[in-house]
Amino acid sequence: MTQELPTPAQPLKIGTRGSPLALAQAHETRARLMAAFDLPEAAFEVVVIRTTGDDRAMIAADRPLKEIGNKGLFTREIEEQLLSGGIDIAVHSMKDMPTEQPAGLVLDCYLPREDVRDVFIAPGAAGLADLAPGTVVGTSSLRRRAQLLNRRPDLSVVEFRGNLQTRLKKLDDGVAAATFLAMAGLNRMGMSDVPMTPMSPDEMLPAVAQGAIGIERRSIDARVAAMLSAIHDAPTATRLAAERSFLATLDGSCETPIAALAELSDDQLRLRGEILSPDGSASWADEISGPATQAAELGRALARSLLDRAGPEFFAWRDPQG
């Protein structure tokens, strides 16, 4: 049976946020589909969808993500369009994605993963050790905030929201003296001119699924499922199965500082994980290895081990209304 492919008259609609990085990710998805099926660019339409997390006033005010809603902050409106048929696929940064999808949607296509590392950016400083006590560091990431305060409790950490360009401008404007960004975003934007120091995962374990792009579709859309299978990267899927099951077992609320990184070597998987108190005063870290075919179970096992070590009071600080 001949597969029905999109055409300029009936293009495949690709939903995305409107930030330069989100658009770069949508364009990468389009380019891979064009190459896989020898289709022209006109056979695809990139549809920009504004999400709650993109509110410019809240970004300018550096309002913490938790105050706005956290889970689904960058995905809800896009998924609504996907469910209603306004778009055919949705392209996401996987570290923004809740561990569960809405009924009727499935997330089973991942592009090859980019560099997973965080990068340190501070004019005149090559790393955390170069920062004087009291230096102001900006980040909107609960994980990075907790890791920073755990490693350097003498630093001052402030909320620092916005896309790559916005945060770099805030740095230039003196809102903070240093910040952290994801190497993957800088690479995808071709921003090699930004003075940066990559952080080894041994120094700062990255966010769950950092550097990975996921493509969401309607579960009943067999045509799109067949197309996406042609660009799906299985090693990335295996790594994310471990990391996301680790996250789901720990806490699905996005209110807990959690870091994880799965790495493959032949048919073996190594998963490192860390959970922290929000103020960075306590950290629990460990790792587990095993067959890659058991990626999800390895993630759950590591999560249970860290929860046992952290103790029953680990979530006592959390807002019961969150």
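Predicted model: local features only at pLDDT ≥ 70, side-chain atom pairs only at ≥ 80, totals over all residues.
Residues are numbered from 1 along each chain as its sequence is written, and side-chain values use heavy atoms, with hydrogens and water left out.

The sheet is open, with 5 strands in the order 2-1-3-10-4 and mixed pairing. Strands (E, at least two residues) and helices (H or I, at least four) are DSSP runs numbered from the N terminus, and two strands pair if DSSP finds at least two bridges between them. Strand 2 (44-48) and strand 4 (105-110) sit at the edges with a single partner strand each, so one side of each has no neighbour in the sheet. For strand 4, pairing with strand 10 (residues 213-218) is antiparallel, over 5 bridges; L107 has E216 in strand 10 as its bridge partner.

Helix 1 (residues 20-37) lies across strand 1 (12-16), strand 2, strand 3 (89-93) and strand 10, and runs at about 165° to strand 2. Angles go from 0 to 180 degrees between N-to-C directions, with axes fitted to C-alpha atoms, for helices over the stretch in contact; contact means heavy atoms within 4.5 Å. Helix 4 (residues 76-84) lies across strands 1, 3, 4 and 10, at about 35° to strand 10.

Then there's helix 9 (residues 234-250), whose axis comes within 7 Å of that of helix 10 (residues 295-310), crossing at roughly 35°. Residues that meet there include F246 in helix 9 and R300 in helix 10.
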